[in-house]
Structure formats: structure tokens, C-alpha cells
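This briefing sets out computed features of the structure shown below. The points are grouped by topic for reference alongside the coordinates.

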Number of protein chains: 2
Amino acid sequence: MTLGIKMAEKTAEKAVDITPIQQFLYCETPKAWLEYAVKNLEILLIDHAHCEKKAAATAVKLMFRYPERIDLLKKLSQLIREEVLHFEQVLEFIEQQGIKYRAIKPSRYAAGLHQYVQKDEPQRFIDSLLIGGIIEARSCERFHALVPYLKDLYPELAKYYRFLLKSESRHFMDYIDLAKQYSEGDITHRLDFFLRKEKELIETDDPLFRFHSGIPVN
Amino acid sequence: MTLGIKMAEKTAEKAVDITPIQQFLYCETPKAWLEYAVKNLEILLIDHAHCEKKAAATAVKLMFRYPERIDLLKKLSQLIREEVLHFEQVLEFIEQQGIKYRAIKPSRYAAGLHQYVQKDEPQRFIDSLLIGGIIEARSCERFHALVPYLKDLYPELAKYYRFLLKSESRHFMDYIDLAKQYSEGDITHRLDFFLRKEKELIETDDPLFRFHSGIPVN
């Protein structure tokens with residue numbers, strides 16, 4: 001993970017303040033998930049790679065669905081470049097660990113949020129942006145929470161996750177800012193709705209352990 | 001187009017040899033298209049931006065369809081990053097020219113090739129890679145052919161197109177190499193089939209002028 005590490009070293013001095021993200025989300029990652037994650041690094045890493053790829057794909061989809069919103073196009077294309085780079089970096093790390101990268105079933109998390117997206121525009125668009133922001137915020141919170149659990153056993157990965165906070169927190173802000181910019185009304189109520197759903201997905205039992213899963217049950 | 005130009009200046013000394021690409025394709029861009037293009041820069045640029053976005057989307061689709069082919073994933077993710085960066089650069093240039101970016105109907109070109117993709121695997125995969133390579137090759141050939149037509153009126157764009165040759169020619173090779181690597185048999189016959197179809201699309205009359213269109217008729 002040469003690239004990731006180089007960048008991590010560069011930005012190591014400037015720690016990212018994730019307080020706004022912790023305040024934005026309605027709950028923190030449960031300790032049970034963190035303890036399970038550090039013992040199941042293979043699945044964590046493979047699913048992390050999938051999440052980066054999926055984040056890029058979701059942004060590409062939005063670029064095609066709303067092809068004339070210039071600010072959206074600009075922010076999403078930068079986001080795509082970063083997510084895809086992270087995908088490559090995580091893939092490299094997976095290989096270095098001797099782990100075989102493979103396709104795995106996704107968690108219930110993203111689908112569990114997207115099921116509430118309204119079918120009609122313009123709400124469909126705003127809902128998609130809000131969910132994008134929430135997922136980025138959770139990723140950021142989770143990278144931060146994982147660092148103390150990883151730093152002794154996997155110092156390189158801990159460093160990389162600390163580095164990732166920076167871009168993920170920017171992506172979170174980008175999505176929320178875009179939702180505010182393009183929404184005709186106040187987004188507070190709708191955001192509250194999705195944040196409550198997200199809290200449920202994080203704090204309830206989840207049979208499938210993944211990067212964004214709930215409390216592991218086995 | 002600050003970024004594009006900076007890079008263009010860096011690579012200006014090393015001209016890319018596009019002879020292999022000209023030899024690969026079965027025809028060169030007709031003069032009639034080039035003369036029309038330079039007089040219809042607005043459509044050319046808007047469609048060029050669309051093509052970059054589309055190229056990224058196609059690569060993302062392949063990453064999801066074939067999620068366990070590591071070499072494919074690595075090459076495609078680098079390609080996506082580059083295509084998306086080009087999209088941003090072209091968008092910036094469009095804005096600098098005072099052109100309003102908008103969604104326009106795509107040309108017959110890509111669909112005209114994709115209609116022949118076999119429905120069954122593994123041929124579907126190989127066909128997709130071959131078409132990817134051919135489209136990249138044509139883009140490269142077209143950028144190169146446009147330079148002398150653009151250099152007096154739009155020197156900055158001519159410089160940028162000269163710069164783009166480099167990455168597009170790499171993408172062409174990547175796609176063809178991947179097709180060779182993953183194909184169980186010889187790709188020559190199938191490649192010949194698509195190259196003949198491509199020549200037809202380029203050399204026949206085309207009512208809709210676009211970056212990859214045939215001979216303009218109006």
C-alpha cells in the first residue's frame with residue numbers, strides 16, 4: 001500500500017477533527033463490532049474494498065441520472081477518483097496480507113437505507129445525497145474508531161485508516177452540502193429520518209459481519 | 001483547464017507515436033468529419049466530456065460484472081481515475097469557452113458496436129474488452145487528427161488533445177492486453193469483425209455529429 005502510506009505520512013501531523021461527524025451521526029460504532037472486526041480482518045478488508053468500489057459506482061450513477069447539474073458533476077467526479085484510488089490501495093494491502101480478494105455478499109446496511117428513497121423527483125435526488133452523506137460519515141467514524149484497535153497488530157493499516165478520515169470527511173460534507181444546495185426546502189426532517197434508520201442498522205443484531213454491519217451475533 | 005495544460009506542457013517534449021494505433025484501426029478519420037468538427041466545437045467538446053464520463057461508467061460496470069479478476073480490476077480502476085479527470089478538465093474548458101454544458105443525444109457509434117456483443121460468457125467479456133480497446137484507439141486517432149485543425153484557432157485545446165493521446169493510447173493497449181490475457185482462444189478473428197464494423201460506422205454518412213460519429217451529412 002505504498003501510495004496510501006506515503007500520503008498517510010504526509011498528513012499524519014494534521015489530525016482530522018471528527019467531532020462534527022460524531023455529532024452528526026445518532027450513535028457511535030458499538031464496541032462489540034470493533035472487537036469482532038479486529039478478529040475478522042479478512043472480511044473487513046475485502047468488504048472495505050467493495051465499499052470503495054460501490055461508492056464510486058453510486059456516484060457514477062448520480063452523474064448519469066442528473067447530467068446537467070454542474071456542481072454535482074464536479075464534486076462527484078473528484079469523489080469517484082478518490083474512492084477508486086482507495087479501492088486500489090485496499091486491494092494492494094489485501095494482496096500484501098496474502099488474502100485472496102473475492103466477491104462477498106453485501107451487508108444489509110446500504111439497501112436498508114436506500115429502501116426509503118422516495119420514487120419521485122426531486123425528493124429521490126435529495127434522499128440519495130443524504131444517504132451518500134450518512135454512509136460517508138459512518139465510514140469516517142468507523143475508520144477513526146478502528147485505529148486504537150488496529151494500531152498494535154496492524155500499525156500500517158491503522159495509519160492508512162487515519163489517513164482515509166480526511167477524504168471521507170470531505171465526502172460527507174460534499175454530499176450534505178449538495179443536498180442543501182439542490183433542495184427546495186429544509187432537509188432537517190428528512191435527514192433526521194435517515195439518521196434514525198441508520199442508528200437502527202448499526203445498533204441492532206446483524207447476522208452478517210461487514211464494514212457497515214450492525215452488532216455481530218455469531 | 002489548468003491541470004490539463006500543466007500536464008500537457010510536461011509531456012509536450014515526448015510525442016506519442018500513434019502509428020500502432022493508426023495501423024490497428026481499419027481507416028483514418030475522414031477529412032469531412034475533421035472539417036466539420038472544427039466548425040462545431042461546442043458539440044465536439046460537450047460530446048467529448050460525455051465520452052469520458054461514459055468510458056468511466058463502462059469500466060465501473062465491468063468491475064462489477066467481473067469482481068474477481070484482479071488484473072482487470074487494477075487496470076480498470078486506473079483507467080476510471082484518468083477518464084474522470086479528463087471529464088473534469090473538459091468540463092472546465094467548456095466553461096472557460098462560455099459554453100453551457102448540457103445532456104445531448106449520444107451518437108450511434110458505441111451502440112453500433114455493442115449490439116454485436118455476444119450474450120453468453122466468456123465471449124461477452126472478451127467482446128466488451130475488444131470494443132473498449134477499439135473505442136480508445138479511435139479516440140486517440142481522432143485527438144491526433146484534430147490537432148492540426150485546432151492549433152491556430154484553439155492552441156490550448158490542441159495542446160490538451162496532444163496530451164490526451166498518451167493516456168488514451170495506454171487505455172487502448174490495456175483493453176487489448178486484457179482481452180488477450182483472459183481469452184481462451186485467439187482474438188484475431190473477433191477483433192477483425194469489430195474493426196470492420198467500426199470502419200463502417202466511421203466511413204458512412206451519419207446524420208448526428210458527435211465525437212465518434214461518421215461522415216456529417218448536413
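**Salt bridges, symmetry and interface**

Across all chains, a search of the whole structure finds 22 salt bridges. The model is a predicted one. Between chain B and chain A, the count is 4 salt bridges.

**Relation between the chains**

- Chain B is superposed on chain A by a rotation of 180° with 0.0 Å of shift along the axis, and the RMSD is 0.0 Å.
- The two copies are thus related as by a two-fold rotation axis.
- The same surface serves both copies, since 100% of the contact residues of chain B recur in chain A.
- Among the residues of chain B, B:Arg81 comes closest to the rotation axis, with its C-alpha at 2.4 Å.

**Interface between chain B and chain A**

- Chain B contributes 24 residues to the contact, and chain A contributes 24 residues.
- About 2,300 Å² is buried between chain B and chain A, 71% of it on carbon and sulfur atoms.
- In chain B, the residues that lose the most area to chain A are B:Lys53, B:Phe64 and B:Arg81, which together account for 24% of what that side buries.
- A salt bridge joins the side chains of B:Lys74 and A:Glu95, at 2.8 Å from N to O.
- Polar contacts between chain B and chain A number 10 residue pairs, with both residues at pLDDT 80 or more.
- Helix 4 (41-65) and helix 5 (70-96) of chain B each supply at least two residues of the side of chain B that touches chain A.
- Helix 5 of chain B provides the largest share of that side, 13 residues.
- By class, the side of chain B that touches chain A comprises 14 nonpolar, 2 polar and 8 charged residues.

**Salt bridges within chain A**

- The side chains of A:Arg138 and A:Glu141 form a salt bridge at 2.8 Å, N to O.
- A:Arg138 and A:Glu141 are separated by about one helical turn, because they are 3 residues apart in helix 7 of chain A.
- Both A:Arg138 and A:Glu141 are buried.
- A network of salt bridges links A:Arg138, A:Glu141 and A:Glu198.

**Salt bridges within chain B**

- B:Arg102 and B:Glu42 meet through their side chains in a salt bridge of 2.9 Å, N to O.
- This pair links distant parts of the chain, 60 residues apart: B:Arg102 is in the loop between helix 5 and helix 6 of chain B, and B:Glu42 is in helix 4 of chain B.
- B:Arg102 is partly exposed, with a relative accessible area of 29%, and B:Glu42 is partly exposed at 37% relative accessibility.
- B:Glu203 forms a salt bridge with B:Lys199, and the closest N and O atoms are 3.0 Å apart.
- Both B:Glu203 and B:Lys199 lie in helix 9 (residues 188-203) of chain B, where they are 4 residues apart, about one turn of the helix.
- B:Glu203 is partly exposed, with a relative accessible area of 37%, and B:Lys199 is partly exposed, with a relative accessible area of 30%.

**Cis peptide bonds**

- In chain A, the peptide bond from A:Glu121 to A:Pro122 is cis, with omega near 5°.
- A:Pro122 is in the loop between helix 6 (109-114) and helix 7 (123-150) of chain A.
- In chain B, a cis peptide bond joins B:Glu121 and B:Pro122, with omega about 0°.
- B:Pro122 lies in the loop between helix 6 (109-114) and helix 7 (123-150) of chain B.

**Helix 8 of chain A**

- A:Glu156 is in helix 8 (residues 155-182) of chain A and is partly exposed, with a relative accessible area of 34%.
- A:Glu156 and A:Ser169 are 13 residues apart in sequence and 20 Å apart in space, C-alpha to C-alpha.

Methods: Residues are numbered from 1 along each chain as its sequence is written. Chains are lettered from A and ligands numbered from 1 in the order in which they are written. This is a predicted model: local features need pLDDT of at least 70, side-chain atom pairs count only at pLDDT 80 or more; totals for chains, interfaces and linings use all residues. Side-chain values use heavy atoms; hydrogens and water are left out. Copies are superposed by least squares on the C-alpha atoms of residues with pLDDT of at least 70 in both. Contact means heavy atoms within 4.5 Å. Buried area is the accessible area (1.4 Å probe) that two parts lose on being put together, summed over both. A polar contact is a pair of N or O atoms within 3.5 Å; within protein, one must be able to donate a hydrogen and the other to accept it, and residues adjacent in sequence count only if both atoms are side-chain atoms. Ala, Val, Leu, Ile, Met, Phe, Trp, Tyr, Cys and Pro count as nonpolar, Asp, Glu, Lys and Arg as charged, and the others, Gly among them, as polar. Buried means under 20% relative accessible area, exposed over 50%, partly exposed in between (1.4 Å probe, protein chains only).
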